[in-house]
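Biologist: I'm new to this one and I'd like to learn how to read it. Could you walk me through it, feature by feature?

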Amino acid sequence: MSELLFYAMAVIALLGGLGVIFSKSPMGSVLSLLGSFFALAVIYLLAGFHFMAAVQILVYAGAIMVLFLFVIMLLNLGGMGTRFELSAAPLTRARSQIAAAVAAGVGLAGLIAVQRASLPRIAQGGAPERIDDINQIAIALFGRYSLPFQAVSVLLLTTMVAVLVLAKRRTRESGQ
Amino acid sequence: MLPPPSHAWLWWIPLLPLIGSALCGALHLATLSARKRDPQAKGLAGLAPLIACAAMAGALALAVKGFLDLRALDAAARVLNSPAWEWITVGDPRQPWFDVDLRLVLDPLSSTLGLVITGVGLLIHIYASGYMKGDAGYAKFFAYLNLFVFAMLMLVLSSSLLGVFVGWEGVGLCSYLLIGFWYEKGWPAEAAQKAFITNRVGDACFLIGSFLLLRLFGTLDMHEIVARMGSDFRLDAIDENVKLNIALAALFLFGGCCGKSAQMPLFTWLPDAMAGPTPVSALIHAATMVTSGIYLVVRLNPLFASSPAVMTLISGVGVATALIGGSTALVQRDIKKVLAYSTVSQLGYMFLGLGTGAFGAAVFHLVTHAFFKALLFLGAGSVIHGMHEEQDMHKMGGLRKHMPQTFATFLAGAAALSGLPLMSGFFSKDEILAHTFNSGGVYYAFWIVGVLTAAMTAYYTWRMVALTFFGPERFDHHHVHPHESPAVMTVPLMVLAVLSVLGGVLGLPPVFHAAHALNDWLAPVVAPGVAILNQLHPHEHLSHATEWVLLGLGAAVALAFAHTGFRTYAAGPEPDLAIGRGAPGVAAFLGDAWSIDSAYSRVVILPLRVFAFVVRFIVDQVVIDGLVNGAGSLAKNLALRARGMASGQLDAYALWMGGGAAVISLWWMWS
Amino acid sequence: MNVPSEHLFFLSAGLFSLGVLGFLVRRNVIVTLMCVELMLNAANLAFLAASRMHSTPEALDVQGPVFSIFVITVAAAEAAVGLALVIALYRLKQSVESDSASEMKG
Amino acid sequence: MQYELVLLTFLPLLGALAIAFTPKGAERLQRLAALATTLVVAALGVRLFLAYGDSGSDQGRFLFELPWFSLPSSYGADTAVNFKLGLDGVSLLMVTLTAVLMPIVILSTWGHVHKRVKEFMVWMLVMQTGMLGTFLALDLVLFYFFWEISLIPLYFLIGIWGGERRLYATVKFFLYTLAGSLVMMVAIIWILWTRGTSDVFELINILCRAPLTEQLWLFAAFALAFGIKVPLLPFHTWLPDAHTEAPTSGSVVLAGVLLKMGTYGLVRFCIHMLPGAAVEAAPVMMALGAIGILYGALLAWAQDDLKRLIACSSVSHLGYVVLGLFALTPAGINGGMLQMVNHGISTGLLFLLVGMIYERRHSRALDAFGGVAVAMPLFALFWVITTLSSVGLPGLNGFVGEYLVLVGAFQASPLWAIVGLSGVIFGAVYMLMATRRMLFGALDKPENRELTDLNAREIGLMLPLVALVVWLGVSPNTFMAKTQPSIEMVNLRIAEARRAALAGLDAAPAAPASQREESAR
């Protein structure tokens, strides 16, 4: 039964992805992306990554997507009826066809890689039910991977500073 | 090789004129600023002729001393050597790869020529001190003249071929400087350049000849080469290849002689060389420089004798040049041009003599020619001096009354040149013709042309005398007042006149049962060549009867054509104008030395000049430079096109990135 | 669920190529950013699928989740900065078209 | 005294530094400082020249060695690069000429360099250090180091003080020479990597046993770099531009010394170090040299700019040097070495004279002149003497070099000697054409009328060169004797290589230990 759920969620995720690309308005894209994230969260759950599913929902869907919503609202270009900035048919222009070819190429590369990577069959007994044990993750995060952890924290700090500098309305020279 | 006793004083013969030249040069430079203010200022420069003549007198004295010393020695060992001076040594001095030691050697040949150079040279220096009186570059002129004599003496005296080449190019340089002496007039500079470059062509051949000799004999010392080809040299003993090399060396050396002695292919510079002052023409283009070619052939007589083909070529070229020179002189209006072409013609005679193996006869004609041709040139100079730079004979006439001494000496010279009986010219020219007649085969044809040219010589000589000194006075009287030249000019004329008349005594034909002084004197020098010639085809002496016939024929031809020449022009230049109207084509053709000179400029100089411009504009600018700049602009264009990629379109960048990622991942997959 | 790992990886590859397609085609910068988010998510999925594959009940492989946490953090940072840029761009050009800002030509 | 060579090489650099600190405006001080430095260097150079070779003085003073740094090599231990300066027969003449020529060049700048004198003097002195270093370096890396050093100053000299198209000319010159030297660097790196030593004398003993193909590749690389510098025929197009646009003193140094770095390199690295390849490539190089002579002469004949004409004549004269060197006969090599010095002096003089008349007449077109000899007799005298020296009149310096080259070339291959000989004729043609159009003829143009003749300074700076012209022409032995032992070494190498080539051996037999060139004799 859970396999069926998995495939359903996979389809939803892919449809969400397509929605992001071909939706008429950014608002549409945001919503389809949210859908895709929820599908992925469910897949994580099925795969045994409960903590990751939670994080996915909380951080990704909750924080990042909300941020996108804010920006769209802020710049009030999210309305369903907004000018259809997407050119008539995204795939007509030559460039887009190349892009499609490139995307297909990358995807194909991934599939072939998986195909030839002779992954160990998980036939025997299947994956354990629960993989991301919080303790072990914490131990790893503050033990072996403490350096990347610190690095990421610095990254976040710089991001905040950058965002403040970039997005703050320049009163003095905003005139020119 | 016998250990030569060394005579250091020999070095003084060339060094004296060199010092004279340096002093005169210094005088000229010292008085340069003085003359800048007032061109006529004489000042110290007036001393120049004294210094120059003193140097010449010194050289003459030493030459005479050398001559006397040589006479004291017995015939076979008549050689005086000077200490050698290492000029160039390649490799360590003990056994060098290649070394050149300059050594002066006085032997009968070089002493004869030395005497001619210094003797006639001194007379010309004295003459020039009068002739060049008013000229601004007075001291400079004598500096050049002395430098020329130094170079000529080096050429004649030095034993190494390279020493000869130093003199060879030195005289070329001095003739360049002296022809272009009045350079502000413009065309003398062109004539000087033409002379130098034509000589240079000859010198290039000379160099190739010297390289061949160096390869053949391993040394450049002429006396050693002659010695090695002398005593036991069996012509048939040497193999083909060496014989070919000897012939080539002789040919190229003869090429050098053609350049210097104005023979057939390279004679066009001599008539233009008349642009220089007349004493220059007398000294360089009559008596000395042009004879260096003959000297070289006589010096290396075994080399030339051992290649019969080259000997015949020399005679052929000689007689051809004689014919061209003679025929052109017939129609010349300028008195110096007549004498110039006459010189070309007489030189042709000398080479004709050399070709037949009559080395002594050629030197004899050289000596007598030096006397009478220098006399005629100086005479012409005195006429021009009197006529205030007028050189066109059609504007002269009846000068015998105004210039008696010049007229008398000029007559003597003309008689000698035209070969009137008992004159020096008669004996020397006929000796050559006799030898040509005696050599048989193709030389018969040469003999006929020789006699024809002798006739022409007599004709144009007396045409010149008639036009200049006889007939109506064709110059306008208020501008031109012909006057006799001062003593300092006429005395040398008289001395030369005596020499021209009595010169014949040096080489009386055997018929007169008197010793042929010059041949005996030169016998040891010429022996190796004559020996080889005898090996080739031993020729018997002419019988007395044929000799008398030849002498009579020569005298008759000379007298007849001299008379007709004089008679037609005694009344003035009308016959010239008649020929001009009657056969303008022939007159023009002859007038321009068979239009060889214009042929050269059309066939040789013009294509080379065009080729030079092709090299500059096409080959250099377009092809090579094009490639270089092309490489530069190619890089620039590539860069421009690459810049197009950075179009500022974000998605274009994204595309390139994506494309790159795709390609790499796919390639990674497949590899 | 004993879904074979390949399928997870296929899904991840599919999502990733969709993200690339969207990133290349769309000219709206915000949507492009979203596509980047999508691609990052595909990467997360791959991480976890690998972790799932290598985990055995006794030795749970924890590296997958750890890395995906880092990926999420980076994604957040990236989104934040991206959006800040979008705002600045909008204020300057009144449009979020990526074509509008092409002054930085070579 | 051990440090004489180092002093000789780096004194100009010190002078340059000293001048750099003088106040900007003090032109007179800068000029005098530069003159003083170059005079001291000249004195040092002459002293070394006189002391060289005569057994009296101890020969240790002609070699200076100091370990510098080391580079990785495939040859076991690292390649020790040491700072080795040495004076031997091959470089003696050129070092002395560089030292003696510089004060004359500096003196000539009084007339034509008036703006930014300070930088000019600094660049000049830096260039002198570069040149002296190049001739003295006996270590491949050090040679390359100085080779590049001497390139940069001239780039600025032409670029700042040049004529109208100076930027085009200087960039072309710089890039052209640089391209060549980069190829040489590859060869040097290969040598360092495979042979493990950068000392020239050791390499001479090692490389002569290298396989022929390797020698040929190295020869090609070196010959390209030096060929561009010489300039050899196809690579000469930068020279006329560089000369026409360079200031007079720049031209004199360029013609006098810089071109000779190419030919010096050919002797030192292409012939002495790679004899096998030299014997193999001799016909090709002789061909290029001989055709270069004719080509340069024709090119010069077609010019109407005086300075460009002399530049093309340099191409022709250096064709002689290459023809002589690659005749590989003792006479040829000696002739080539001598011709390098002769060309330096005679063409240096020609450029000085052109500079002097340019300062007065501000034009270099031949048609602008006519009858200058009337207005400037002294100038005419110097010009004619220099023309005769450059045309190769016996008794002056040009002839001795030319004759030896032609004799050497004739022994090697008569064909190229005769082609080279045509240069004797065409040499006279274009030089006399220029002389006639400039000096002789009527003084018709008004500007030419008030041309002032040479002043004392100008005559003073030319007299030493004219004295050298006559001294070299009359007794070249004093100079050739000194270079003799080293050229003998080169001859031995070539003889060996010829024997090897004849015997079909791939590598020449081991160099006989007896004459390993340990010392710099």
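**Reading the model together**

Modeller: Happy to. Between chain A and chain C, 72 residues of chain A are in contact with 63 residues of chain C. Keep in mind that this is a predicted model.

Biologist: Which elements give two or more residues to the side of chain A that touches chain C?

Modeller: On that side, the elements giving two or more residues are helix H1 (2–22), helix H2 (26–47), helix H3 (50–74), helix H4 (94–116), helix H5 (134–142) and helix H6 (146–167) of chain A. Sorted by class, the side of chain A has 57 nonpolar, eleven polar and four charged residues.

Biologist: Let's turn to chain B. How many helices and strands are there in chain B?

Modeller: Chain B has 26 helices and four strands. Its C-alpha atoms fill a box of roughly 120 × 70 × 55 Å along the principal axes. Of the 671 residues of chain B, 55% count as buried. Then look at sequence separation: among the contacts in chain B with a separation of 6 or more, 82% come from residues 24 or more positions apart.

Biologist: And the nonpolar cores? Which residues touch the most other members of the largest nonpolar core?

Modeller: That core has 429 residues, and those touching the most other members are Phe148(B), Ala362(B), Ala374(B), Phe222(D), Ala278(D) and Leu323(D). Helix H5 (residues 138–157) of chain B gives the most to this core, with 18 residues. Another core lies apart from it, with 79 residues, among them Val20(A), Val42(A), Leu15(C) and Ala75(C).

Biologist: What is Leu323(D) in contact with, leaving aside its neighbours within four places in sequence?

Modeller: The contacts of Leu323(D) beyond those neighbours are Met286(D), Gly289(D), Ala290(D), Ile293(D), Val405(D), Ala409(D), Trp416(D) and Gly420(D).

Biologist: What should I expect of the backbone in general?

Modeller: Most peptide bonds are trans, and most residues other than glycine have a negative phi. Now for some exceptions. Val230(D) and Pro231(D) are joined by a cis peptide bond, with omega about -5°. You'll find Pro231(D) in the loop between helix H9 (212–229) and helix H10 (238–245) of chain D.

Biologist: And phi? Where does Ala262(B) lie?

Modeller: Ala262(B) sits in the loop between helix H9 (240–260) and helix H10 (269–272) of chain B. Its phi is near 50°, a positive value in a residue other than glycine. His388(B) also has a positive phi, near 50°, and lies in the loop between helix H16 (359–386) and helix H17 (404–418) of chain B.

Biologist: Are those two buried or exposed?

Modeller: Count C-beta neighbours. Ala262(B) counts as buried because it has 29 of them inside 10 Å. His388(B) has 12 other C-beta atoms within 10 Å, so it is exposed.

Biologist: What about something in between, such as Ile189(D)?

Modeller: Ile189(D) has 15 other C-beta atoms within 10 Å, so it is partly exposed. Ile189(D) belongs to helix H7 (residues 166–195) of chain D. Its C-alpha atom is separated by 18 Å from that of Thr134(D), a residue 55 residues apart along the chain.

Notes:
Residues are numbered from 1 along each chain as its sequence is written. Chains are lettered from A and ligands numbered from 1 in the order in which they are written. This is a predicted model: local features need pLDDT of at least 70, side-chain atom pairs count only at pLDDT 80 or more; totals for chains, interfaces and linings use all residues. A residue is buried if 20 or more other C-beta atoms lie within 10 Å of its own, exposed if 12 or fewer, and partly exposed in between; C-beta atoms are placed from the backbone. Two residues are in contact if their C-beta atoms, placed from the backbone, lie within 7 Å. Ala, Val, Leu, Ile, Met, Phe, Trp, Tyr, Cys and Pro count as nonpolar, Asp, Glu, Lys and Arg as charged, and the others, Gly among them, as polar. A nonpolar core is a set of buried Ala, Val, Leu, Ile, Met, Phe, Trp, Tyr and Cys residues joined through C-beta atoms within 7 Å.
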